[in-house]
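Please consider the sequence and the three-dimensional model shown here.

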Amino acid sequence: MKQDVILEAIDVVKYFGTDAGWMSRGPVIQAVAGVSLEVRRGETFAIVGESGCGKSTLARVLMRLLTPTSGDVLFDGRQVSAIQGAELRTLRRDMQFIFQDPFSSLNPRMTVARLVAEPLEIHAPELSVQERRDRVAQLLRQVGLRAEHADRYPHEFSGGQRQRIGIARALASGPKLIIGDEPVSALDVSVQAQVINLLGDLSRDLGLTLVIIAHDLGVIRHMSDRVAVMYLGRIVEIGATEQVFTDPKHPYTQALLAAIPSMDGPVTDHSATVHGEMPSPSDPPPGCRFHTRCPHAQDLCKTKTPQLAAAQDGSHQVACHFAETLQRPHLPQTAPRKSKTAEARFALYRAATEGGTVTHKTHQDDP
Amino acid sequence: MPKDAKDLQISPQEPPGSCAMELAGLSLRFRGQPNDVVDDVSLSAKSGEVLCVVGESGCGKSVTVMALMGLLPPDSSIISSGNLKVGDKEVDLRHDTLPRAMRGSRVAMVFQEPMTSLNPAFRIGDQICETIIRHSGVLRREALSRAEEMLQRVGIANPSQRLFEYPHQLSGGMRQRVMIAMALANDPQVLIADEPTTALDVTIQAQILDLIRDLRDTTGMSTIMITHDLGVVAEIADRVAVMYGGQVVEQGPVREVFDNPQHPYTIGLMSAMPGLDRPGERLAIVPGTVPTIANMPEGCRFRTRCAFAAGICAQRPPLSEIAPQHDVACHFAPLEDSVEVTG
């Protein structure tokens with residue numbers, strides 16, 4: 001059981017502003033406050049939460065772009081938080097990152113070929129120039145770019161294509177695990193779908209493990225096998241995506257799901273919506289961190305911190321004192337209601353875009 | 001009071017169902033560009049109605065509302081046609097803009113970025129008061145109490161204290177509420193909101209959408225909301241207009257368009273949404289990317305990405321009614337009658 005875990009976080013804590021010098025005596029920001037999780041080999045694991053919940057910090061700690069204040073990260077059984085030098089380079093080869101913003105994460109002065117070759121120079125210095133060129137061409141093909149794109153500069157590409165370049169860079173070193181921090185949220189819907197499909201294909205074909213950070217619940221539901229919901233530096237609920245989405249046990253997860261604009265028109269059930277905003281991570285409330293916004297909060301929640309524990313029905317883990325007794329809100333239907341007409345046209349569209357032959361019945365002037 | 005404000009004061013109670021705002025045939029291009037960025041766009045909103053304009057980046061949705069508010073720099077944009085009617089005031093956009101007395105009072109706008117559209121150097125209260133004093137000429141004290149009332153109305157706790165705070169002291173959601181309060185301060189008949197929730201988290205977005213819905217119901221104002229999120233459209237719109245490449249390709253009552261999508265682009269957008277159904281399956285895509293304005297094809301601008309395109313698509317399809325109030329610009333609508341897919 002244990003060996004199918006590729007990445008493990010054990011009680012990871014990351015505070016900012018603890019080592020403040022004499023100039024800055026700002027408050028300590030508790031960005032990640034004790035997170036434990038396991039990512040299994042080959043799965044797509046998602047971390048979801050609103051801005052300021054610490055999900056990006058957690059991703060950077062998992063990547064060792066930041067060192068945790070306390071706690072441990074294990075990758076393939078190796079401790080990540082303390083390694084240095086050659087060992088760290090090996091880790092970087094096995095674990096890669098896709099950044100959110102395809103506009104600022106690529107050097108505008110480098111051609112695509114150089115951008116993609118750069119990680120190869122570091123992680124595979126033994127390759128000859130010709131071999132490296134072939135590998136770059138292969139990587140570009142893999143992410144759906146053409147070989148002639150290699151000599152162009154990032155500004156010549158659209159957002160979706162730039163994100164593909166970023167993915168090619170991440171794939172160059174042959175990683176086992178890729179962490180994507182909001183990899184599709186800067187993209188338009190139609191382009192976003194292309195990149196989501198690409199990531200799905202890659203993880204299946206290359207046996208990659210993906211860790212996806214996102215705030216878009218539709219994207220998460222679509223892509224991930226398991227999901228962790230974060231609120232103010234802590235995981236409040238974690239489990240199989242299907243379970244968490246159909247039977248959310250934490251009031252915050254329920255609120256998040258209820259807040260997704262539904263394709264079925266205005267939601268009628270407002271019992272799960274939360275009021276107010278997330279408190280500052282520099283001064284988190286005591287007890288359950290969600291109690292200030294929770295519609296079900298009681299006195300116990302203000303003093304005692306709930307621990308992540310398996311729900312009674314054993315489905316997944318939740319950190320709420322009253323998870324078992326809460327009334328389930330009415331959530332939007334899992335599948336939006338669609339008319340027969342719409343369904344038929346979607347099928348027609350899908351068939352046509354996926355390589356079907358289109359014949360026109362009415363207009364004979366088709367060239 | 002500004003000198004032209006008086007003759008614009010018409011009764012706020014328009015007969016229900018009349019068009020509070022009507023934009024007809026707007027075409028505009030930027031200097032130096034060969035093609036129009038907005039090509040013959042007509043939009044209208046009745047009082048008490050929310051019209052959503054949906055489309056991806058570069059489809060011209062923001063430029064359209066900037067043009068109708070008169071916010072485009074005249075030396076870089078050329079409007080070749082376009083008529084705007086607000087209430088009984090008619091403006092030829094080619095050489096005129098909406099009178100200043102109407103902008104910010106009868107027609108108000110909420111911008112996308114609540115972080116950048118408030119002036120960081122002035123208190124919230126002063127910024128709201130400015131628009132009130134500018135348009136109604138009341139004294140500052142009166143304006144302040146009106147500002148406080150507005151903050152209360154958009155759901156800001158402690159409004160009397162918030163009036164004297166600076167934008168940096170507020171969170172994103174609160175700043176967006178302040179923007180809305182400012183837009184509503186003069187009881188507009190038309191509210192134009194450019195992606196008002198895009199920068200916000202989903203729980204805060206739900207709160208803002210609730211607020212806009214409440215305001216529509218209580219004030220009867222008409223709202224034109226720009227968004228790229230079909231979920232938001234379903235949540236709040238009465239009618240929807242889908243834009244692609246500077247043209248309206250489909251428009252109609254929201255339920256009708258979602259149940260009976262006609263344009264291949266609308267169908268593509270809807271099926272590309274990663275959603276709650278069919279997790280894990282490959283998403284349908286809209287192939288390729290939006291061409292730049294200079295490379296826009298003649299005729300139907302979507303044809304370079306459309307799986308159903310044929311020779312006839314080099315001629316621009318007219319926006320024609322396919323069902324009651326439901327217009328689509330596609331030669332092949334309805335699809336199942338005109339095309340067959342095999343293989």
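The model is predicted, so local features are given only at pLDDT of at least 70 and side-chain atom pairs only at pLDDT 80 or more, whereas totals for chains, interfaces and linings use all residues. Residues are numbered from 1 along each chain as its sequence is written, chains are lettered from A and ligands numbered from 1 in the order in which they are written, and side-chain values use heavy atoms, with hydrogens and water left out.

Chain B has ten helices and 13 strands; these are DSSP runs numbered from the N terminus, helices being H or I of at least four residues and strands E of at least two. Its C-alpha trace spans about 70 × 50 × 40 Å along the principal axes.

Chain B is divided into domain 1 (18-106 + 186-338) and domain 2 (116-185), with bounds from an automatic or database domain assignment. The C-alpha centres of domain 1 and domain 2 of chain B lie 29 Å apart. Where they meet, 19 residues of domain 1 of chain B are in contact with 15 residues of domain 2 of chain B, contact meaning heavy atoms within 4.5 Å. The area buried between these two domains of chain B is about 1400 Å², and carbon and sulfur atoms give 59% of it. Buried area is the accessible area (1.4 Å probe) that two parts lose on being put together, summed over both. Asn186(B), Leu211(B) and Leu215(B) supply 38% of the area that domain 1 of chain B buries against domain 2 of chain B, more than any other three residues.

One salt bridge is found across this domain interface of chain B, a salt bridge being a side-chain nitrogen of Lys or Arg within 4 Å of a carboxyl oxygen of Asp or Glu. Arg146(B) forms a salt bridge with Asp187(B), the closest N and O atoms lying 3.8 Å apart. On the side of domain 1 of chain B that touches domain 2 of chain B, the largest share, seven residues, comes from helix H6 (residues 202-219) of chain B.

Attention now passes to the two chains. Here 66 residues of chain A are in contact with 69 residues of chain B. Between chain A and chain B the buried area is about 6100 Å², of which carbon and sulfur atoms give 55%. Met263(A), Arg345(A) and Tyr349(A) supply 14% of the area that chain A buries against chain B, more than any other three residues. The count between chain A and chain B is two salt bridges. Asp201(A) forms a salt bridge with Arg282(B), with the closest N and O atoms 2.5 Å apart.

Two backbone details remain. Most residues other than glycine have a negative phi, and most peptide bonds are trans. The peptide bond from Ala333(B) to Pro334(B) is cis, with omega near -10°, and Pro334(B) is placed in the loop between strand S12 (326-328) and helix H10 (335-338) of chain B. Glu182(A), although not a glycine, has a positive phi of about 50°; Glu182(A) is in the loop between strand S7 (177-181) and H6 of chain A.
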